[in-house]
Amino acid sequence: MENLIGKVFKLIRNSKQLSLRQVAGGYISAGQLSRFERDESHLSIDAFLNSLNRLNVSLEEFHYTYNLYHQIDDVRFSEDLSEAYLSRNLVKLKKFLEYYKYQIDGAKDALEFQTAKLNYIVIKAIISYCNNDISVTNQEITYIMDYLFSVDEWGRYELWIFTNSSGILSIESLHTFASEMIKRTQLYYGIPTNRRKIHQLLLNVINISISQNRNDIAIKYITHLEKLNILETDIYEKVLFKYNKAYYSYNNGNKSSLHEMKQCVEFLNFVDCEKISSFLENEISNLES
């Protein structure tokens, strides 16, 4: 398979109208960089990262470009899965499940098997939220828990697993893993995408805790999120945080907080977040009934 890294690098360099010599600087030679762009030689990781830095291009931006201006497969899959869940598209969700069952059966090594099985269990968990006829076994839950405990620093993939499987965990297990998540995401917290995932995960834990009348757990993560100080640019997370704080207040006897919850839903409707606002509207309806 053709190595496109050098060609993509050249594409970006030319788009910025920079010469080989300008990008190479004093770190490597222009000839080295030229051979790299022609796929005749490789750069060390340090040299490659330094060259990207001189281009003022992040590794994430380069990765995005390398994948032919499309989102990388796992991100696109995650978004498709989320869309299918929010629209309760069981047909699409079951197709995802069948695909990863096939991947499990055809895995070429232990790592491929592990990834396929984790994805399969996560999808099965998501389907179970929409269809009571499907459930995740205790053995499958243990498989996910063992994997998460085996990883010292959780990145995007581990956050994705925990976020989507949180609904199948007992409230005590959820509390345990949320605490572990806080400890195990320090390395990657500065990455904007990961930071938002961490915030969204904590919001999910807060919501589940309140719905199960575990305000003692909910307040712990409300306090933690307040310390993290969600950025104003992360408006979606700020609105959901406000909603969950009002939900917590309502669950503690302040019935007037229901009005604030409804205001948050109205805002989400206003900015066309129709699926999540519909989900929250159902939650509010259940409280009122």
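**Exercise 1. Work out whether Glu-37 is buried or exposed, and find its salt-bridge partner.**

Glu-37 has a relative accessible area of 6%, so Glu-37 is buried. Keep in mind that this is a predicted model. Next, look for the partner: the side chain of Glu-37 meets that of Arg-13 in a salt bridge, at 2.6 Å from N to O. Now check Arg-13, which has a relative accessible area of 7% and is buried too. Arg-13 sits in helix 1 (residues 5-15) and Glu-37 in helix 3 (residues 30-37), so the pair ties together parts that are 24 residues apart in sequence.

**Exercise 2. Take the salt bridge between Glu-260 and Lys-242, and say which helices are involved.**

Start with the distance: the closest N and O atoms of Glu-260 and Lys-242 are 3.4 Å apart, and the cut-off for a salt bridge is within 4 Å. Glu-260 belongs to helix 15 (residues 257-270) and Lys-242 to helix 14 (residues 235-251), so the pair ties together parts that are 18 residues apart in sequence. Zooming out, the structure holds 15 salt bridges, and Arg-195, Arg-196, Asp-234 and Glu-237 are linked in a network of them.

**Exercise 3. Classify the ring pair formed by Phe-48 and Phe-62.**

A search of the whole structure turns up 13 aromatic pairs. For this one, the centres of Phe-48 and Phe-62 are 5.2 Å apart, with 80° between the planes. Planes over 60 degrees apart count as edge-to-face, and that is the class of the Phe-48 and Phe-62 pair. Phe-48 lies in helix 4 (residues 45-55) and Phe-62 in helix 5 (residues 59-66), 14 residues apart. Both Phe-48 and Phe-62 are buried.

**Exercise 4. Describe the second largest pocket and what lines it.**

First the volume, which is about 190 Å³ for the second largest pocket. Then the lining, where you'll find Tyr-99, Tyr-100, Glu-112 and Asn-119 among others. Helix 7 (90-105) and helix 8 (110-130) are the elements that give two or more residues to this lining. By type, the lining residues split into five nonpolar, four polar and two charged. Now zoom in on two of the tyrosines: the ring centres of Tyr-99 and Tyr-100 are 4.9 Å apart with planes at 85°, so the pair is edge-to-face. Tyr-99 counts as partly exposed at 44% relative accessibility, whereas Tyr-100 counts as buried at 13%.

How values were computed:
Residues numbered from 1 in each chain as written. Predicted model: local features only at pLDDT ≥ 70, side-chain atom pairs only at ≥ 80, totals over all residues. Heavy atoms only, no water. 1 Å grid on protein atoms, 1.4 Å probe; cavity = no way out; pocket = protein on both sides within 12 Å on 5 of 7 lines; lining within 4 Å. Points joined across faces, edges and corners; volume = space filled by probe spheres on them. Helix = DSSP H or I, 4+ residues; strand = E, 2+ residues; numbered from the N terminus. Nonpolar A, V, L, I, M, F, W, Y, C, P; charged D, E, K, R; others polar. Phe/Tyr/Trp six-rings, centres within 6.5 Å; stacked < 30°, edge-to-face > 60°. Buried < 20%, exposed > 50% of the residue type's maximum accessible area, 1.4 Å probe, protein only.
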